[in-house]
Amino acid sequence: MTERTLVLVKPDGVSRGLTGEVISRIERKGLKLVALELRTVDRALAEQHYAEHDGRPFFESLLEFITSGPLVAAVVEGPRAIAAFRQLAGGTDPVEKATPGTIRGDFALETQFNLVHGSDSTESAAREIKLWFPDL
Ligand code: RTP
Ligand code: MG
């Protein structure tokens with residue numbers, strides 16, 4: 001079934017010059033870009049995006065990090081796109097969970113600086129795409 005998912009190359013990925021690497025892996029997997037934009041986000045958008053983590057000990061530093069510089073937001077489409085991108089990304093902790101061959105497993109060391117975001121369910125994807133790309 002064709003799905004859409006929201007992907008972010010977080011500020012660490014953009015500043016480290018890994019945007020092309022991430023996009024290349026998305027395309028080589030067979031997924032398609034349907035929207036792509038470089039932008040710096042304000043706190044309000046970051047809070048809404050990560051609302052599920054409100055109250056967690058890392059929430060403040062997560063907001064600070066995600067608003068710290070330009071990121072790349074994309075909508076990615078394809079069969080089982082949500083799970084397919086989560087597979088490309090690897091687990092949240094880039095050392096304990098992500099395996100080599102994944103984006104996080106290959107390029108990241110710390111959970112906070114884990115380079116990419118991908119929606120985790122059809123409900124999250126719908127909510128996040130509407131939030132980031134209301135005109136799509
Ligand atoms: P994301 O939402 O960014 O795609 O990552 P995820 O689903 O793999 O992980 P999630 O549990 O949703 O956590 C969101 C982001 O918060 C940061 N985090 N830090 N210090 C910590 O223990 C901790 N836990 C999570 C990470 O940047 C994670 O990607
Ligand atoms: Mg998440």
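This is a guided walk through one protein chain and the ligand beside it.

A few conventions come before the tour. The model is predicted, so local features need pLDDT of at least 70 and side-chain atom pairs count only at pLDDT 80 or more, while totals for chains, interfaces and linings use all residues. Residues are numbered from 1 along each chain as its sequence is written, and chains are lettered from A and ligands numbered from 1 in the order in which they are written.

Let us begin with the whole chain. Its secondary structure comes to seven helices and four strands; helices (H or I, at least four residues) and strands (E, at least two) are DSSP runs, numbered from the N terminus. Along its principal axes, the C-alpha trace spans about 35 × 35 × 25 Å.

How is the chain filled in? Of its 136 residues, 34% count as buried. A residue is buried if 20 or more other C-beta atoms lie within 10 Å of its own, exposed if 12 or fewer, and partly exposed in between, with C-beta atoms placed from the backbone. Two residues are in contact if their C-beta atoms, placed from the backbone, lie within 7 Å. Among contacts between residues at least 6 apart in sequence, 69% join residues at least 24 apart. Ser15 belongs to helix α1 (residues 11–15) and counts as partly exposed because it has 14 C-beta neighbours inside 10 Å.

Now turn to helix α5, residues 81–89. Its buried residues are Ala81, Ile82, Phe85, Leu88 and Ala89. They cover an arc of only 130 degrees around the axis, which puts them on the same side of α5; the arc is that of the directions from the helix axis to the C-beta atoms. These buried residues pack against β1 (2–9), α2 (19–29), β3 (71–79), α6 (103–107), β4 (116–118) and α7 (122–132).

Next come some backbone angles. Most residues other than glycine have a negative phi. Arg80, in the loop between β3 and α5, has a positive phi of about 50 degrees although it is not a glycine. Arg80 is partly exposed, because 14 other C-beta atoms lie within 10 Å. After α5 comes Gly90, whose phi is positive, near 90 degrees. Leu115 is not a glycine, and its phi is also positive, near 75 degrees. Leu115 sits in the loop between α6 and β4 and is buried, with 25 other C-beta atoms within 10 Å.

Which residues surround ligand 1? They are His53, Phe58, Leu62, Thr92, Thr111, Gln112, Asn114, His117, Gly118 and Asp120; a residue is near a molecule if its C-beta atom, placed from the backbone, lies within 6 Å of it. This shell divides into two nonpolar, seven polar and one charged. Ala, Val, Leu, Ile, Met, Phe, Trp, Tyr, Cys and Pro count as nonpolar, Asp, Glu, Lys and Arg as charged, and the others, Gly among them, as polar.

In an unreviewed entry, UniProt places the feature "active site" at His117. His117 is in strand β4 and counts as buried because it has 21 C-beta neighbours inside 10 Å. Leaving aside neighbours within four places in sequence, His117 is in contact with Val7, Leu8 and Lys10.

For "binding site", UniProt (unreviewed entry) lists Lys10, Phe58, Arg86, Thr92, Arg104 and Asn114. Lys10 is found in the loop between β1 and α1 and counts as buried, with 23 C-beta neighbours inside 10 Å. Phe58 lies in the loop between α3 (43–49) and α4 (59–66) and counts as exposed, with 12 C-beta neighbours inside 10 Å.

Key
UniProt positions are given in the numbering used here, feature names are shortened, and annotations may be inferred rather than shown by experiment.
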